[in-house]
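Biologist: I have a model open here and a few things to ask. Can we walk through it together?

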Amino acid sequence: MSSSSRAPVVAPNRVLRACLYATLLVFAVYYLLPLYVMVMNSLKTLDEIRQGNMLAPPREWTVKPWGDAWSRAQIGVEATGLRPYFINSVLMVVPAVTISTVLGALNGYVLTKWTFRGANVVFALILLSCFIPFQIVLIPSARVLGFLGISGTTAGLVLIHIAYGIGFTTLFFRNYYASFPTELIRAAQIDGAGFFRIFWSILLPSSGPILAVSAIWQFTNIWNDFLFGASFGDFDSIPMTVALNNLVSSSSGVKEYNVHFAGAILAALPTLLVYVLSGRYFVRGLTAGAVKG
Amino acid sequence: MSFLQIRDLEKSFGGLRVLKGLNIEIDAGGFLVLVGPSGCGKSTLLNAIAGLETIDGGDILLEGRSLTGLRPSARDMAMVFQSYALYPNMTVARNIAFGMEIRGVPKAERERAVRDVAETLQIGHLLKRRPSQLSGGQRQRVAMGRALVRSPRVFLFDEPLSNLDAKLRVDMRTEIKRLHQRLGATIVYVTHDQVEAMTLATHIAVLRDGALQQFATPVEIYNDPANLFVADFMGSPSMNLIPAVVERDGDGLVISMTRAREDALRLRVPQGLRRLYDGLGGRVGEEVIFGMRPEAIGEAAEAGDGDGGGVVSGECEIELVEPAGSDTYAVTTLGGVEVTARLRAESGVTAASRHVLTFALDRSVYFAPKDGTRLA
Ligand SMILES: Nc1ncnc2c1ncn2[C@@H]1O[C@H](COP(=O)(O)OP(=O)(O)O)[C@@H](O)[C@H]1O
Ligand SMILES: [Mg+2]
């Protein structure tokens with residue numbers, strides 16, 4: 001290509017590229033601004049927030065709001081901070097994510113590799129549960145929890161989240177395992193492996209990406225859930241999200257905005273961390289087919 | 001009594017009848033090849049034998065005992081899959097030893113068995129690798145190793161060579177044949193490649209749309225095909241299948257084939273060929289499909305030469321000559337189809353000229369054009 005013909009080809013390219021980057025930058029700032037505001041204001045004293053503008057960095061840096069939010073703030077009747085509720089959330093999220101993921105994996109395995117008459121109908125019904133609005137199931141759920149004697153407990157919340165999560169996890173694993181070579185399962189059957197042995201030794205080791213997808217999805221949803229937590233949580237099972245709401249909307253005394261900001265960041269931190277640490281597996285898992293035989 | 005018996009086997013997927021009342025049996029040490037076009041039910045049959053598919057009717061017996069209801073692992077069979085089906089997360093050694101691991105064979109014994117098999121198949125240097133680090137041929141060997149490491153009652157192979165390139169395929173074919181001879185094992189082998197079937201089998205079962213077309217030795221299948229489908233499918237280059245008319249000439253029969261721009265080629269059936277007179281006597285004036293293997297059509301130095309016994313001759317226009325190293329193929333047109341003759345490499349036949357070809361009618365076969373049944 002001659003140099004005279006090169007210039008017009010490259011120039012619009014550059015302009016386009018500049019526009020592209022400018023747009024991206026604007027959006028990045030737009031999305032990061034709330035986080036920036038929260039972080040800055042969580043590091044200011046309450047006086048400074050009252051006087052100053054929201055966007056300015058603190059004149060006087062302090063981490064006291066974080067300490068208050070974590071362990072001293074008044075939530076409900078006691079001044080415990082968010083810590084006990086953070087622990088409630090962890091105790092709820094870990095078993096709920098683990099169990100719903102395992103059940104989803106088993107469902108996907110059965111629905112693709114041990115199919116039975118009507119398997120597709122069963123799958124359709126499981127899938128349907130993804131589309132049922134939370135509000136509809138609130139009262140039936142409350143009755144079931146009452147019947148089981150676990151209303152107001154972490155176990156109750158775990159059960160609800162598992163029931164709600166199975167639809168999604170089943171969908172993830174079914175689609176992933178559908179492209180898993182059936183001949184591998186057959187080879188293992190010939191080798192004498194049974195249902196669980198095949199699952200454990202053949203299928204699971206190749207399920208890394210989809211395990212990540214399922215775990216991240218479930219973790220984010222369950223950690224961020226407010227409705228079930230508010231509806232079914234009790235003194236010793238209220239999750240972080242509900243506690244944060246109680247903190248922010250507590251009517252007694254002055255509104256400590258800096259503490260509220262710190263608390264909100266604390267509540268969002270685990271999901272942020274999970275995504276930053278394993279987000280690329282999430283993308284990979286969503287785009288990857290299964291293993292080649 | 002046969003070692004492996006398949007009796008009136010039926011299998012359907014939903015409403016689709018995939019295996020239609022199959023009857024096949026093979027003695028211990030036999031090499032049974034299931035051959036047929038893609039989708040005819042070969043894999044389904046093999047999976048049924050392995051216990052990986054349930055059956056809807058009939059029975060499969062091993063050493064006289066029904067296998068119905070037995071789990072795959074309880075049938076004591078080893079299988080090599082078309083995709084090789086190596087466990088991607090395990091090393092080659094563990095792939096080979098996995099079956100023993102499940103059966104609780106002690107570690108030392110497993111390692112010895114793996115070493116022995118690796119030596120037989122020359123894959124010792126690959127034992128620590130993963131399947132993804134192997135070439136196609138190496139994967140194929142590992143898959144064989146996984147089967148060979150046990151001494152099963154039956155080996156099952158599902159198109160094990162179809163993913164290899166041509167050269168490797170021929171090498172592995174020879175190797176499988178050698179293994180069979182050395183081990184004396186009973187093998188059921190699926191392929192859609194009729195050359196593989198012919199070279200490996202002691203018995204061939206030709207399938208089409210789930211129905212057994214012929215079950216016989218390779219020689220019988222080749223020389224004495226049960227119907228038009230088998231004749232057409234088996235053999236390479238394939239059999240010439242020429243539309244012809246049976247005519248009566250005095251007290252003899254004549255096979256008459258039309259030709260372009262000249263009179264029909266008329267081949268007089270020698271009186272000695274009773275088989276042809278019996279099968280075609282009632283078909284005078286009717287059209288038949290006249291089947292001749294390329295090597296049953298030869299070259300005569302002069303007209304009349306080679307006549308006698310079952311061989312007759314006729315002058316034909318040669319349109320094309322294809323030297324193929326060890327042989328030369330000459331092509332002419334009879335009855336509206338191209339007819340290939342397999343001649344000696346040093347044949348003097350040239351294209352676009354007339355030559356006398358000999359037809360070994362004692363090796364000819366005849367089919368009804370309508371349904372492909374064998375007439376003679
Ligand atoms: N699991 C299955 N469900 C429905 N149909 C099947 C299934 N497996 C095979 N078939 C059908 O059965 C027929 C025979 O298949 P197969 O035995 O794999 O053929 P081959 O191995 O001879 O190519 C095909 O028509 C195929 O579509
Ligand atoms: Mg097949």
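Predicted model: local features only at pLDDT ≥ 70, side-chain atom pairs only at ≥ 80, totals over all residues.

Biologist: Fine. Which domains does the assignment give for chain A?

Modeller: Domain 1 covers 2–62, and domain 2 covers 83–292.

Biologist: How far apart are the C-alpha centres of domain 1 and domain 2 of chain A?

Modeller: The two centres lie 35 Å apart. As for the contact between them, domain 1 of chain A puts in 10 residues and domain 2 of chain A puts in nine residues.

Biologist: Over to chain B. How many helices and strands does chain B have?

Modeller: Chain B has nine helices and 21 strands. Its C-alpha trace spans about 80 × 45 × 35 Å along the principal axes.

Biologist: What share of chain B counts as buried?

Modeller: 53% of its 376 residues. The accessible surface of chain B is about 16,300 Å². Carbon and sulfur atoms account for 47% of that surface.

Biologist: And what about contacts between residues at least 6 apart in sequence in chain B?

Modeller: Of those contacts, 67% join residues at least 24 apart.

Biologist: Now the ligand. Which residues are around ligand 1?

Modeller: B:Phe13 and B:Val18, then B:Ser38, B:Gly39, B:Cys40, B:Gly41, B:Lys42, B:Ser43 and B:Thr44. By class, that shell holds three nonpolar, five polar and one charged residues.

Biologist: Which element gives the largest share of the shell?

Modeller: Helix H1 of chain B, residues 42–50. Three residues of the shell come from helix H1.

Biologist: How much of ligand 1 does the protein cover?

Modeller: 58% of the 560 Å² of accessible area that ligand 1 has on its own.

Biologist: Change of topic. Where is B:Asn227?

Modeller: B:Asn227 is in the chain B loop between helix H7 (218–223) and helix H8 (228–233).

Biologist: Is B:Asn227 buried or exposed?

Modeller: Buried. The cut-off is under 20% relative accessible area, and B:Asn227 has 15%, so it counts as buried.

Biologist: What does the side chain of B:Asn227 reach?

Modeller: Among its partners is the side chain of B:Gln213, in a polar contact at 3.0 Å. The B:Asn227 side chain also reaches the backbone nitrogen of B:Val230 at 3.0 Å. Leaving out residues up to four places away in sequence, B:Asn227 touches B:Gln213, B:Phe367 and B:Gly372.

Biologist: Last one, B:Asp249. Which strand is B:Asp249 in?

Modeller: Strand S11 of chain B, residues 240–249.

Biologist: Why does B:Asp249 count as partly exposed?

Modeller: Because its relative accessibility is 26%.

Biologist: What is B:Asp249 in contact with?

Modeller: B:Val254, B:Arg266 and B:Arg268, leaving aside neighbours within four places in sequence.

Biologist: And how are B:Asp249 and B:Val105 placed?

Modeller: They are 144 residues apart along the chain. Their C-alpha atoms are separated by 76 Å.

Terms used:
Residues numbered from 1 in each chain as written. Chains lettered and ligands numbered in written order. Heavy atoms only, no water. Near = heavy atom within 4 Å. Areas by Shrake-Rupley, 256 points an atom, 1.4 Å probe, with all protein chains shown as cover. Helix = DSSP H or I, 4+ residues; strand = E, 2+ residues; numbered from the N terminus. Nonpolar A, V, L, I, M, F, W, Y, C, P; charged D, E, K, R; others polar. Buried < 20%, exposed > 50% of the residue type's maximum accessible area, 1.4 Å probe, protein only. Contact = heavy atoms within 4.5 Å. Domains from an automatic or database assignment. Polar contact = N/O pair within 3.5 Å; in protein donor to acceptor, adjacent residues only side chain to side chain.
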